[in-house]
Amino acid sequence: MTAAANDPAGRDATRPADPISWPDGARSAAILSYDMDAEAVVLAIDLSHGERLSVMSHQAYGPVTGVPRILAMLERQDVKATFFCPGYTAERYPELLRRVADAGHEIAHHGYLHEAVRGMSAAAEAAMLDRGLEALERVTGRRPVGYRAPMWETTYATPGLLLDRGFAYDSSLMDCDVPYELAEHPGDGARSLVEIPVHWALDDWEQYAYLPEAFGSGLIEDPAKVLSMWTAELAAYHDHGACFTLTNHPFLSGRLGRLRAMETLIETMHALPGLWIATAEQVATHVRGLRLAPRAFPQPVVDTRPGELSDRSPGAPA
Ligand SMILES: [Zn+2]
């Protein structure tokens with residue numbers, strides 16, 4: 001299998017994540033994150049979508065209308081959030097980005113044009129990371145320390161590419177519900193960065209996204225149902241001392257009824273004793289200080305026989 005990575009107790013690197021002790025005796029943690037996909041997520045699917053004024057206006061709702069409203073709500077609730085931003089969004093809305101940063105929220109990396117990295121070479125992925133970094137640093141004056149892969153799609157090269165660029169954390173993986181140290185590769189002496197796990201069930205995309213001929217199921221959920229689902233998840237995460245990492249998109253959750261539901265959820269968070277509401281960077285800094293032994297994910301290798309799976313390309317009909 002694999003050698004234990006940097007664990008003095010000699011435990012398998014693929015073991016379950018260790019429980020986390022939270023600052024000041026807190027019981028659990030919550031991160032509010034906003035992915036500022038805006039036009040980039042649609043242009044990355046097909047650049048010709050850029051010729052469709054109505055489609056572009058649907059995406060522009062995020063930065064134009066959603067984000068100012070979200071900033072006002074976060075100020076009312078006195079919480080700081082993390083905004084994962086594609087470099088393209090930063091270049092298109094530089095004043096808005098500076099406004100988000102000036103309000104004390106964290107700006108983190110979310111690709112350049114919301115690129116899907118499946119099948120991408122490490123060199124191309126590196127170039128995407130560098131272009132996004134350059135754009136965010138130029139617009140905000142600060143180099144981001146966090147990364148969330150567009151569509152949460154990463155490669156086995158991603159951790160090393162992030163470490164080469166000084167990132168402190170990633171927030172794209174789904175094997176746990178508490179943060180941990182992610183080793184670049186199995187084995188002693190491997191470098192690691194903090195991983196803050198996510199999940200589709202804590203993402204507004206699956207609830208609200210609908211853009212004909214681009215994405216979405218065509219089903220737009222009732223914010224009351226979404227609030228009910230997330231409130232139940234929050235209670236369970238809190239009971240287990242986990243990290244409730246919620247992903248929202250301003251072009252979706254900036255809309256009125258959804259924003260009201262979100263504010264109700266934050267009021268519920270405030271009422272939970274011992275819930276630490278923090279930015280992803282604050283959580284990563286705390287977790288790094290715990291000096292956890294890293295975990296790793298050896299890439300699956302299948303020993304195929306002639307005429308079996310090896311003849312099938314990924315995604316080919318079974
Ligand atoms: Zn995104």
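Trp 205 and Phe 215 are both buried, where buried means under 20% relative accessible area, exposed means over 50% and partly exposed lies in between, with a 1.4 Å probe and protein chains only. The model is predicted, with local features needing pLDDT of at least 70 and side-chain atom pairs counting only at pLDDT 80 or more, while totals for chains, interfaces and linings use all residues. Residues are numbered from 1 along each chain as its sequence is written, and side-chain values use heavy atoms, with hydrogens and water left out.

**Aromatic pairs**

- The structure holds eleven aromatic pairs, a pair being rings of Phe, Tyr or Trp (its six-membered ring) with centres within 6.5 Å, called stacked if the planes are under 30 degrees apart, edge-to-face if over 60 and tilted otherwise.
- Phe 84 and Tyr 169 form an edge-to-face pair, at 6.5 Å centre to centre and with 80° between the planes.
- Because Phe 84 lies in strand β2 (residues 82–85) and Tyr 169 in strand β5 (residues 169–170), this pair ties together parts that are 85 residues apart in sequence; helices (H or I, at least four residues) and strands (E, at least two) are DSSP runs, numbered from the N terminus.
- Phe 84 is buried at a relative accessible area of 0%, and Tyr 169 also counts as buried, at 0% relative accessibility.
- The rings of Trp 205 and Phe 215 are tilted, because their centres are 4.6 Å apart and their planes are at 50°.
- Trp 205 in helix α7 (residues 205–208) and Phe 215 in strand β9 (residues 215–216) are ten residues apart.
- Trp 205, Phe 215 and Phe 251 are linked into a cluster by ring pairs.

**Charges over rings**

- Arg 255 lies over the face of Tyr 61, at 3.7 Å from the ring centre, where a charge sits over a ring if NZ of Lys or CZ of Arg is within 6 Å of the ring centre and within 35 degrees of the ring normal.
- Arg 295 lies over the face of Tyr 180, at 4.5 Å from the ring centre.
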